[in-house]
Amino acid sequence: MTINTEMPVHVAAITKVADSVKRFRLERVDGGVMPVFSGGAHVVVAMQDGKLLRHNPYSLMSRPGDTSAFEISVLRVESSRGGSHFLHDKISVGDTLTVSQPINLFPFDHRGRKHLFFAGGIGITPFIAMMAQMAQEGRNFELHYAMRTRSHGAYWQELAERYGPSRVKIYCDVENLFIPVDEILARQPLGTHMYVCGPAGMIDAVLGKGKALGWPRQNLHFERFLAPPTGKPFEAVLQRSGKTITVGEHQSMLEAIEAAGVDAPYLCRGGACGQCETNIVSCTGELLHNDIYLEPADKASGKKIMICVSRLKGETITLDI
Amino acid sequence: MNTVFNTESFRDDFTFRNSPVAVRRFPFPFHEDKYMYAVNMEPHVPAGPEGHAYRAPIDVDEHYVSEMKDREMVLREDPLRAQALPHMMAAQWDTLELLMEKQAEGFPELFSLTKNGDQWHWINRPLGIDQKFIFGDTSTLPYEPMDYIMRQTQGDICIVDQRDSQLWMDAGVVTTQADWSLDFDLGMNFMEWHGPVPLAHQIGVFERALKFLLNLQQGKPVRRLNWTMTINSRLDTSPENYPKWGPDRASVAPENVGNKVHLRCELQSLWRLPRSNAILFVIRCYLIKMEELVAIPKWARRFHRVLRDLPPELIDYKGLTRYRPTVVEWLSKYDDGKATSPGIFPD
């Protein structure tokens, strides 16, 4: 027996907060309270887009203790496979969606003496909730927030006003203002934890500088928004379910499996948490491992795959599912 | 439920006993006629017959009031049984909220919790407590939040922090334990505190259990059962107090098995906590005397077979070596060799 804890919600408000960024306020359809969550948590939003059931993860950016609603902020991604377009273009106030319970794969370390945040663009969202929680708990934090232009950046004015210039620093590409990561990382007190969320290049650069400066691995935290990459269609045989499905060009294996009515476990849908690890029975073709969860040896073995983001370049893969 | 609370003791004269109702609701830990370690976790949802220990999210039974008196005595004698590292304060408040809410949900006639913003009002009728306090403000409670609520909750708890893909035992209240010590294990990780368990490491149980727990979800608690045996109805079988209970194991004789020997079952439930992202382990201990257990014919047959065929490593690890043959012999009178039905519940 599994517990279904998904919550039907209606869209109570939609607010444009920056170029291509909208905030959605989601209240429970049954009038009940939302669960409390911890800063850094996300929810998976299920949306019925015609015949397609989409599942996209979004960071919660409302106040973690506010049980009246959840709020998410969504960037309309041009190269998106459709989830952000659907929310931006087709969803109106009053529409119904379904959200999961909060899941935190980007928690802060409660032992930290100081918490240092690096945000790039829409990567600001988990930090908004973290800062709200930390401010309430009296923790020491500092945000460095980079954006293309001030009109592309969401919430920077509110955050700067709320927490003051010593705790919130803004950097704009077009103004030739870039985060001096080296300088900042070099002057932190012992016991500082660093968190980065933003484009892949930014995450890699910040983590690389932290490592080069001798930061302990346990003090460097990151969250990647990995969308499932697209690719040529292929066939997947679901051995235990006795089904054969086609994974489309813009579909992940997990989405194709769900569309076939087969339940597969997942949490992050971004190749990070490990929940959807699946055994491969056989395959013809090359495995394209796009996750950051499996060890290199697991990837090389050809026996395991993370079905939320990884694909096959070839004909057929047979899965133990 | 119309609970009448027993007046009984878990030390000295050992007047603990189970009523027939308590026997039938006992969480019997064997689903088949043999036992081996497994990742035996399942969703913690109501199950079993009316009144069973599995019906409520946090169980409260006829032993509640007497168990709380015993806990108070243990904590007075040894304050190190309740410890929390400084970074666990958010998890302490999470724990207080969860245990208040779940006890009130399962037993509304015994407990009530009213929230008005951060102004909370808790009523515990069995213990005669009426407490108004401010959630998040420790100065408004007589103890720290974990300590406060654990003086009003049956079972032990460990609060486990999650960092670096590991779980860390960073807080707990442990007074009804099967021979392990919070003071010793505090700050250890999941692999370290399970270090002494035989056989299970070799079959990969802990790697799989850890992976499973790291992804434990809010709102989807899980449970498992664990077991050992205890001589006399002593809740506090701690390493710290070994001289008090260790020698009892030499006192088992054929004529006293029924009253003296107890099956000790732990109903463990695991909960993801919302503010701290920590995990709450609730380890609730249930005792049942051999003479009470054999009132359920299925359990008598099955426990005889489990105990008779237990692997030697487990016999040693659980400390049963000395008296097991005597108990197996006693139980054999209640095993007619008939087949038993699957599952843990009485027929």
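Predicted model: local features only at pLDDT ≥ 70, side-chain atom pairs only at ≥ 80, totals over all residues.
Local features need pLDDT of at least 70 and side-chain atom pairs count only at pLDDT 80 or more, whereas totals for chains, interfaces and linings use all residues. Residues are numbered from 1 along each chain as its sequence is written, chains are lettered from A and ligands numbered from 1 in the order in which they are written, and side-chain values use heavy atoms, with hydrogens and water left out.

**View 1. The interface of chain A and chain B.** Chain A contributes 25 residues to the contact and chain B contributes 17 residues, contact meaning heavy atoms within 4.5 Å. About 1,900 Å² is buried between the two chains, 52% of it on carbon and sulfur atoms; buried area is the accessible area (1.4 Å probe) that two parts lose on being put together, summed over both. One salt bridge is found across the interface, the term standing for a side-chain nitrogen of Lys or Arg within 4 Å of a carboxyl oxygen of Asp or Glu. Its partners are the side chains of B:K211 and A:E277, at 3.1 Å from N to O. On the side of chain A that touches chain B, 12 residues are nonpolar, nine polar and four charged. Here Ala, Val, Leu, Ile, Met, Phe, Trp, Tyr, Cys and Pro count as nonpolar, Asp, Glu, Lys and Arg as charged, and the others, Gly among them, as polar.

**View 2. The six-stranded sheet of chain A.** This open sheet has the strand order β4-β3-β6-β1-β2-β5, with antiparallel pairing. Strands (E, at least two residues) and helices (H or I, at least four) are DSSP runs, numbered from the N terminus, and two strands pair if DSSP finds at least two bridges between them. β4 (52-59) and β5 (70-75) of chain A each have a single partner strand, so one side of each lacks a neighbour in the sheet. Strands β1 (residues 7-18) and β2 (residues 21-28) of chain A are joined by eight antiparallel bridges, and A:A18 is opposite A:V21 in β2(A). Helix α1 (residues 83-90) of chain A lies across β2, β3 (42-49), β4, β5 and β6 (96-99) of chain A, at about 95 degrees to β4(A). Angles run from 0 to 180 degrees between N-to-C directions of axes fitted to C-alpha atoms, for helices over the stretch in contact.

**View 3. The five-stranded sheet of chain A.** Its order is β13-β12-β16-β14-β15, and the pairing is mixed. The edges are β13 (243-247) and β15 (304-306) of chain A, each with a single partner strand, so one side of each is left without a neighbour in the sheet. β12 (residues 234-238) of chain A pairs with β16 (residues 311-319) of chain A in the parallel sense over four bridges; A:V237 has A:T318 as its bridge partner in β16(A). β14 (residues 277-288) of chain A pairs with β16(A) in the antiparallel sense over eight bridges, and A:G285 is bridged to A:G314 in β16(A).

**View 4. A hairpin in chain B.** β4 (residues 119-124) and β5 (residues 129-134) of chain B pair in the antiparallel sense over six bridges. B:Q119 is opposite B:I134 in β5(B). Four residues separate β4(B) and β5(B), and B:G128 in the turn has a positive phi of about 65 degrees.
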